[in-house]
Amino acid sequence: MNTITNTKVPKGPLAEKWSNYKASAKLVSPNNRKKFEVIVVGTGLAGASAAASLAEMGYNVKSFCFQDSARRAHSVAAQGGVNAAKNYKNDGDNIYRMFYDTIKGGDFRSREANTYRLAECSVNLIDQAVAQGVPFGREYGGYLRNRSFGGVQVSRTFYARGQTGQQLLLGSYQALLRQQNKGKVKLYSRHEMLDLVLIDGKARGIIARNLDTGEIERHAAHTVVLATGGFGKIYYLSTLAMGCNASAIWRAHKKGAYMANPSWTQIHPTCLPQSGEYQSKLTLMSESLRNDGRIWVPRAKNDTRAPGEIPEEERDYYLERKYPSFGNLAPRDIASRAAKEQIDLGKGIGPLKNAVYLDFSKALNEYGKDVIAERYGNLFTMYQKITGTDAYREPMKISPAAHFSMGGLWVDYELMTSIPGLFAIGEANFSDHGANRLGANSLLQACVDGYFVLPYTLQNYLANETEVPKPETDHPAFTEAEKNIHKQMQNFLNCKGKRTAEDFHKILGRELYDKCGLLRTKKGLEEAIQNIRRIRNEFKEDLMVPGNANEVNSELEKAGRVADYMELAELMCIDALQREESCGAHFRAEHQTEEGEAKRDDEKFCYSAAWEWTGNISAPNLKKEPLVFSTVTPTIRSYK
Amino acid sequence: MKIILKVWRQKNQQDKGRFCEYILENVNRDMSFLEMLDMLNNQLVKEGNPAVEFDHDCREGICGQCGIMINGIAHGPLKNTTTCQLHMREFKDGDTIYVEPFKANAFPVVRDLKVDRSSLDNIIASGGYVSVDTGQAPEANSIPITHQEAEDAFDAAACIGCGACVASCKNSSAALFTGAKITHLARLPQGEKESATRTLTMVDKMEEEGFGHCSNTEACQVECPENISVLNIARMNYEYNRAKLLFKK
Amino acid sequence: MIWFIKNSVTRKNLMALTGLFLSFFLIVHLAGNLQLLLPEAQARLQYNSYSQFLGGNPIVLIISFVLYACIILHTIDAIYLGIKRKKANGVSYSKDMRGRASTWYSRHMMALGIIVFVFLIIHFKDYWYIYKFGSLPLDENGNKDLYTLVIVSFEQLWYVIIYIIAIVALGYHLLHGVFSAHRTIGLYHPVYNSIIKVLGVIFALVISIGYIIIPIFIYINHQV
C-alpha cells in the first residue's frame, strides 16, 4: 500500500531502457498536436527548453514566470558548466562512467534508470546548445574545451567562462521567444502560479496572479508542466534568487502530488560568507574555482593573522589532507561538511569566524594572472565588487550556503507526478541526483528534461487525451480554487500584525539551517518541528502586509511564499527525522563512521521517501519507492 | 551611517509620481544597495505603509532584473556594476541619495521603481535567435569555431538585458542591446546564415517599440554592467547596411 | 520623402554620409581659403580667379548643388532625429548625472550644429549671396573682387570673434561627428576604429586651426 511500484521504468538492460521507451511510446499526429494546450510554469532551462520544444512540435504552449522576463529565471546564475560524456579529451569518459559518477555522487539514492538516461542524453545537449549559438569555451584550433569538476576524475565539463547558465538559458530563452514570435507560445511574465486545478483527478489548469495588476487569472490546459526550480531559499540565506520559491510545487503537493526527499538540500561549499544580519543572500562562487584554488584554514585556533602572514607549515589544506585522490575537488557535500568541521573547531577565518580560505597563489604563480583571469575573471571581479577585496592578491574567504534541492515533486520515469497530467521537470522534481548532486549536473538535468525527455513522455500521455476537449475555465474546480486564493490573500491583508514576511522568513531559515542543514540530529529535528509550528502560528497572527490585493504588492507575494515555506519546513524535518542514516547531503550525527564520514544504511533506507499530503501538515503519509540497483552495486562512497 | 533617501513613488502608469524623503539610521557600509532598500521597506511595512516596489531577483549581478537610477546614474556611481552589486561603502555618512526608475518611452513605469522592459524581449522575439529546432543539431565539434571567435561572440552574448544602456542614453536608444545580440549571432557560423533577415527585423522592431537612435556618445558601455562594447552597435549598422544593399528578399 | 524613412539606422546613415561629404568639402574650402594668407597683391588676383573658376565650372556647379543638398538633408535629418529623441525619452529625470559617462560635445551635437548652421546663413549672406547676386567691383584681371570683400569683413573685431566661435563649434562637431559617422556606416573593427578616432581628432584640429588662422591673420595684418 505504502510502497510505490509503478515507476514506469521500461524493461530491458539499463543502457537500452530509454531507446526502448522511445520506440514504444505513443505519438500524437501533427494535426492533433495543435488541438492541445500545454501549460509550462517556469522559464528556466527546464521550462524554457520544454516550452520551446513542445511548441516546435506543434503544441500550443502557455508559459509562465514570475520574473519580468523569461530570461531572468535563476538558471541564469549557474556559473561553472554543464557535463556531457563526449569524451573529447580521450580520458576514458563514456556514458556508463558518467552515470556511475552521478549515482555514486548521489550516494546511491537515485533511480538508476533516470540517472542513466541523464548521462545518455547529455551528449545531445551539447550539440543542441552549440547549434543555438551558445559560445562555449574553445581550444585554439576551434574544438570544444573541457574542464574538470568536483567528484569526477575526467574532464567532461563544458563551459562558457563563468556564465554557462546564462548562456545556456539565453539559448533556450531565444528558442522560446522564437516560438512566441510564431504564435505557438504565449508568454505570461510577471505571473505567479498560486494553485493547481484538477478536474476528474487530472491536472487541467492553474490559477495565476498577474503581479502587475493583482488580477487573479484562470488558465486551462490539457496538461500542466511545473518547471519551477528548487526551494533552497527556504533557508533565507542561500545562493538562490530572492524570488525563488516552493509555492507552485507545494500547492501541487497539497493537491495530491507526492513530495520526495524534501530534506535533501545541497549546501554549496564555495559561497561568500555572511557578513551581517542585514544580508539577504549568499553569493555563490563557482565550484570551478576549486580547479585552481586551494582550500585551507590556519592550523591554530582563533588565528587572527592576515592570510599572507601565516607561513605554509601553519596552514591546513584539510581537503588535500583528508581526500588525497580528489583533494580540493571533493564533492560538494563532503567539502561543505569538512568546512563546517573546521569552522566548528574554531579555525574559521574572517570577522565572524565563519569562513575558510580559497587560495589561488599557487595557480597564479604557475600560470600567471592572465590565464587565471581568462578562466575566472568575472568571478574575481564579482568577488571584488561584493567584498571590496582583490582575490589576485589575497585568498578569497568562502563558506557553505544552501544551494540546490535534490528533493522535489516525486516523478516516475516519464517525469509525471502522482497526479495524472502533472509533470515536474528540472530542479522541481527529485529524480536524478540522489542525495547529492554533482557539479555541472543541474544545468544538464534541466536541459535534458526539457529538450529530450519531456517531449516524448508528455506526448505519450497526451496520446490518450485526443478525445478530451480543452477544459473550460468556468468549471467549478476553477471557481473553488480561485475562491481559496482570494481568501488566503485576504487573511494576509487582514492580519495587521507587527512583523513582515521577511522577518518570519529569516527566523525560519535560521532554524532550518541550524537543525536541518549540514548536520542533523534526532533531538535537533524534533526541536525544529516544535519551533516551526510555533513560528507558523505566530506568522498567522502577527504578519503585516500593507496595501491591497489588486495592485503591485511585493509584500503580499512574499507572504504567500513564506506561508508555503512554513509548511514545507516541517515536512523537511519530518523527512530528515525518519531517515535514520547518513547519505550524501543528509548527514545525521548519529550515523557516522569513526572518521566522521557518512554511514549509509542500505538495509533499511534504500528507498526514496515520497510524502503524501493528508490534510494535516504534521502527519503526512510516507510512501516508499524502493531503489533497485540492477547494474551498479552500492558501495561505500569514498573520495580518499 | 545615516542616509537620506529621496525615492520616486508612483502608484501606477497614470500617476504623476513624486519624490518622498526617508531617513535611514544605522546603515551598514557592507550592505548592498538593495539590502538598504530592504531595510527601508521593513521600516515602512511595520508602520503599515506600502513598501517601495523595486525590481530585483538574483542579487548577484547576472539576472538583469534590478536597475534603478541612483543619483541620476543608471545602477549608481560604480561603472560596469549592477544595482544589486553596489554596496553602501560607496556612499558617505549623511549622503542624500536620489532614487528614480529607469525612464524611457519604451519602459513604462509599473509602480515606484519598477518598469516594464518587455520591449527588450520583443526585440529578441523578432529575430534574436538561431532558427534551429530541438533535435536538428549536428555533432557539436563538426563546426569548429576558433577560440577568438568564441570569445568575441561571448563578449557580445554576455548582455544581461537590464536596460541600463537605454536609461543611460540621451536618446533612449536600445542600439547596444540589439547590437550585442546581432553581433553575438553574426559572429558564429551557426548564426551567420540568418544575419541579414535577423538584423532587418530586429532593427525594425527596435524602432517600433519606440526606442531612439544611437549617436555614439558611448555612455551605454560605461554604465553597462557587462561592459558590452559599443563596437557591437557599429556591427549592427554594418549588418544592417549590408542586408539593405545586398540581401535579396 | 525624407519623412517617410522611419528607420533610424537608415536616417543615421544619411546623417553620416552627408556629414562626411561636408567634412570633405571643408578640406577643399580650406585649401582655397589658405590663398588669403599669400602676400596681398598676389592673393587678390589668385583668390579672385580661383573664385571665378569655381563659379564657372559645370562640374563644380554640380558638386555645389550636392553640397547644398547635403546641408539641407543634414539639417532636416537632425531636426527629425531631435523630435524622435524627445519622443523616445518621454519624461525626463529629476536628477540627471548621466553626463559623466560621455563627452559634452557628443551629447550636444544639435546645439553645436545650430551654431554652425546660423553661422552658415551669415556666411552665405555675406559672401556667397553678394558674390552671386550682388554687385562687386572687378580686379585687374576682370574677376569679381571677392578678396577685398573678405578682407574688409575681417578687419572688424566682432566679425572675427563670431567667426572664431562658429569654427570652434564646428571643431567640436567634427571631433565627435567624424568618428561617429564611421561607426554609423558600420566600421566595427576595433583597430580601424582606433585609427579613425585618432584621424578624426587630427582632422578636427587641422580644420579648426586652419580656418581660425585666416581671420586672425587678416585682422592683425590690417590693423593701422
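Leaving aside its neighbours within four places in sequence, with which residues is A:R637 in contact? In this predicted model, the partners of A:R637 are A:K104 and A:D107. A:R637 itself belongs to the segment of chain A that follows strand β20 (621–626). The residue counts as buried because 21 C-beta neighbours lie inside 10 Å of A:R637, and the threshold for that class is 20 or more. A separation of 495 residues along the chain lies between A:R637 and A:G142, and their C-alpha atoms are 38 Å apart.

The surroundings of A:L409 can be described in detail. Beyond the residues up to four places away in sequence, A:L409 touches several others, among them A:L226, A:I249, A:H253, A:M259 and A:F430.

The contact between chains A and B remains to be considered. Chain A contributes 67 residues to this contact and chain B contributes 65. On the side of chain A, the elements that give two or more residues are α3 (45–57), α5 (112–132), α6 (164–181), α11 (369–387), α12 (442–462) and α16. Of these, α6(A) gives the most, with 9 residues. Sorted by class, the side of chain A that touches chain B consists of 25 nonpolar, 27 polar and 15 charged residues.

Notes. Residues numbered from 1 in each chain as written. Chains lettered and ligands numbered in written order. Predicted model: local features only at pLDDT ≥ 70, side-chain atom pairs only at ≥ 80, totals over all residues. Contact = placed C-beta atoms within 7 Å. Helix = DSSP H or I, 4+ residues; strand = E, 2+ residues; numbered from the N terminus. Buried ≥ 20, exposed ≤ 12 C-beta atoms within 10 Å, placed from the backbone. Nonpolar A, V, L, I, M, F, W, Y, C, P; charged D, E, K, R; others polar.
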